[in-house]
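Have the structure open as you read.

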2 protein chains.
Amino acid sequence: MISYSSGNHAQGVAYAARALGVKAVIVMPDNAPKIKREATASLGAEIVLVGPASSERQAKAEELAAQHGIVPPYNDEKIIAGQGTMGLEILEDLPEVETVLIPVGGGGMISGVATAIKLSKPAVKIIGAEPALAADAQASLRAGKIIHLTADEVTRTVADGLRTQSIGPINFEHMLRYVDDIVSVAEDEIREAMRRLAVNPKTLAEPSGAVSVAAFLFHRTELPRTKVNVAIISGGNIEPQMLADITQSASTV
Amino acid sequence: MISYSSGNHAQGVAYAARALGVKAVIVMPDNAPKIKREATASLGAEIVLVGPASSERQAKAEELAAQHGIVPPYNDEKIIAGQGTMGLEILEDLPEVETVLIPVGGGGMISGVATAIKLSKPAVKIIGAEPALAADAQASLRAGKIIHLTADEVTRTVADGLRTQSIGPINFEHMLRYVDDIVSVAEDEIREAMRRLAVNPKTLAEPSGAVSVAAFLFHRTELPRTKVNVAIISGGNIEPQMLADITQSASTV
């Protein structure tokens with residue numbers, strides 16, 4: 001199995017490959033956090049490092065895929081369907097949910113969750129959250145067409161898992177139909193959300209996982225006025241040094 | 001409601017008082033971590049600070065209790081019965097459990113959990129864990145009588161929740177019957193257990209909560225040779241500065 005991803009998808013593919021007894025090769029940007037490389041490698045996958053451009057990652061994976069099968073990280077109907085199970089679980093656990101906040105990178109998770117929820121319970125609001133420094137999904141949804149950012153632009157955000165330069169076309173179709181809005185959050189807001197998550201519910205989120213909580217904490221006026229809100233926090237690959245920096249810092253927002 | 005405790009018991013009493021609409025007053029040692037004082041106060045309780053000696057804390061609480069009801073933190077049959085529900089939950093969730101590791105301070109939690117488990121499934125081994133710098137429970141169990149330490153002695157450990165100078169007499173009776181052994185752990189082992197819990201299962205434990213995991217990680221030869229082991233991690237009141245220090249540090253054990 002081949003895939004290109006730095007985060008949960010990489011670990012998911014590595015995990016599945018190991019369970020099935022096949023080899024996994026993951027193409028990762030060379031600026032991915034060490035903790036993500038190690039977590040993926042510890043699941044038995046081989047890591048191939050490339051430059052930070054999404055296109056480079058995808059090209060390398062497709063080159064390798066000529067020999068093996070490829071598991072795309074987001075622009076794929078089966079991946080979207082798999083992510084959708086999260087939406088069904090939310091409805092099962094909290095049927096009274098009114099709004100769901102979801103981190104947006106390539107758009108796989110929000111496509112799946114939004115579709116599963118809207119087709120089951122259309123009144124539930126679906127809001128994406130992404131860093132203002134990589135807000136291609138918000139721009140795309142507002143423009144009605146897919147907006148591309150450069151690798152240099154998206155690399156500015158601390159949320160390394162959301163540095164995709166554009167959402168996938170299959171994802172965009174799902175988002176146009178089922179996503180109500182996308183909120184963008186500042187870097188300081190992401191850090192403060194991580195800090196509060198660590199201190200009180202004692203939940204360790206990486207920056208990409210905390211954007212949904214940052215949207216809830218600091219952009220309330222842009223959100224639906226609902227009482228029962230869910231924020232998906234995914235993932236938790238936080239470097240010990242970053243956790244130390246964040247828990248030590250005073251609030252800046 | 002009056003009680004004396006710095007940790008989970010304090011927060012539990014504060015929580016229960018608020019739920020019942022009555023006032024809670026908690027007598028706490030003045031060296032209790034700020035995060036514990038704040039967490040208890042944020043649940044609406046009034047905090048009364050006294051010196052670090054257990055006797056001082058208890059005396060102050062009993063003085064206040066003349067006017068109000070008192071909820072003792074460990075030397076009490078109802079508190080022990082309440083803690084026992086944790087043992088029943090472990091058996092329900094993991095019927096194949098063979099050994100349970102439990103932090104020991106005053107002895108409330110281990111009394112309840114040990115009793116519930118041994119009366120349900122006598123083959124399960126019950127092992128207590130405490131800091132070597134406050135190992136009064138281990139000394140007591142081995143001597144067959146309650147051993148008292150001074151406030152100065154127990155204050156040396158980082159595990160502030162386990163600084164009780166002696167276990168309660170009711171607790172000791174339970175422990176004599178239902179606890180197989182007590183393992184004591186070094187300060188470095190406690191810190192390393194906290195670090196590993198934070199990095200991988202992303203679980204934030206305070207020092208007192210991590211002693212059970214430290215026993216499992218670093219004292220395997222002193223434990224029963226069983227495959228299915230449970231370590232109770234309680235609690236998670238970790239100061240942001242300590243979390244920062246610990247996640248930054250390299251392993252020293």
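Start at B:Lys202, which lies in the loop between α9 and α10 (207-218) of chain B. This is a predicted model, so treat everything below as a reading of that prediction. The backbone at B:Lys202 has a positive phi of about 55°, even though the residue is not a glycine. Is B:Lys202 buried, exposed or partly exposed? With 25% relative accessibility, B:Lys202 counts as partly exposed, because that value falls between the 20% limit for buried and the 50% limit for exposed.

Now hop over to the other chain. A:Lys202 sits in the loop between α9 (187-199) and α10 (207-218) of chain A. A:Lys202 also shows a positive phi of about 55° without being a glycine, and its relative accessible area of 26% makes A:Lys202 partly exposed.

That brings up how the two chains are related. Chain B can be superposed on chain A by a rotation of 179° with 0.0 Å of shift along the axis, and the RMSD is 0.0 Å. The two copies are thus related as by a two-fold rotation axis. Which C-alpha of chain B comes nearest that axis? It's the one of B:Ala244, 1.9 Å away from the axis.

B:Ala244 belongs to helix α11 (residues 240-248) of chain B, where the buried residues are B:Leu243, B:Ala244, B:Ile246 and B:Thr247. These buried residues of α11(B) pack against α11 (240-248) of chain A, together with α9 (187-199) of chain B.

On to the interface itself. 13 residues of chain B are in contact with 13 residues of chain A. Of the interface residues of chain B, 100% are also interface residues in chain A, so the copies meet through the same surface. The area buried between chain B and chain A comes to about 1,200 Å², and carbon and sulfur atoms give 63% of that.

In the largest nonpolar core, which has 48 residues, A:Leu204 and B:Leu204 touch the most other members. Take A:Leu204 and set aside its neighbours within four places in sequence: within chain A, its contacts are A:Ala198, A:Gly236, A:Ile238 and A:Leu243. Across in chain B, A:Leu204 is in contact with B:Ala198, B:Lys202 and B:Leu204.

Next, follow the chain to the loop between β7 (229-231) and α11 of chain A, where you'll find A:Gly235. The peptide bond from A:Ser234 to A:Gly235 is cis, with omega near 10°. Chain B has a cis peptide bond as well, joining B:Ser234 and B:Gly235, with omega about 10°. B:Gly235 is placed in the loop between β7 (229-231) and α11 of chain B.

Let's move to strand β4 (residues 99-103) of chain A, which holds A:Leu101. A:Leu101 is buried, with a relative accessible area of 1%. Beyond its neighbours within four places in sequence, A:Leu101 is in contact with several residues, among them A:Ile127, A:Ser212, A:Phe216, A:Val230 and A:Ile232. The C-alpha atoms of A:Leu101 and A:Ile232 are separated by 6.2 Å, although the two residues are 131 apart along the chain.

A:Phe216, one of those contacts of A:Leu101, has another partner. The charged end of A:Arg220 sits over the ring of A:Phe216, 4.0 Å from its centre. In chain B, the charged end of B:Arg220 sits over the ring of B:Phe216, at 4.1 Å from its centre. How many aromatic pairs does the structure hold over all chains? The count is zero.

A:Ser140, in helix α6 (residues 136-143) of chain A, counts as buried at 0% relative accessibility. Not counting residues up to four places away in sequence, A:Ser140 touches A:Lys145, A:Ile146, A:Ile147, A:Ile167 and A:Phe172. B:Lys78, in helix α4 (residues 77-93) of chain B, is exposed instead, with a relative accessible area of 74%.

Note on methods: Residues are numbered from 1 along each chain as its sequence is written. Chains are lettered from A and ligands numbered from 1 in the order in which they are written. This is a predicted model: local features need pLDDT of at least 70, side-chain atom pairs count only at pLDDT 80 or more; totals for chains, interfaces and linings use all residues. Side-chain values use heavy atoms; hydrogens and water are left out. Rings of Phe, Tyr and Trp (its six-membered ring) pair if their centres lie within 6.5 Å; planes under 30 degrees apart count as stacked, over 60 as edge-to-face and the rest as tilted. A charge sits over a ring if NZ of Lys or CZ of Arg is within 6 Å of the ring centre and within 35 degrees of the ring normal. A nonpolar core is a set of buried Ala, Val, Leu, Ile, Met, Phe, Trp, Tyr and Cys residues joined through side-chain atoms within 4.5 Å. Buried means under 20% relative accessible area, exposed over 50%, partly exposed in between (1.4 Å probe, protein chains only). Contact means heavy atoms within 4.5 Å. Helices (H or I, at least four residues) and strands (E, at least two) are DSSP runs, numbered from the N terminus. Copies are superposed by least squares on the C-alpha atoms of residues with pLDDT of at least 70 in both. Buried area is the accessible area (1.4 Å probe) that two parts lose on being put together, summed over both.
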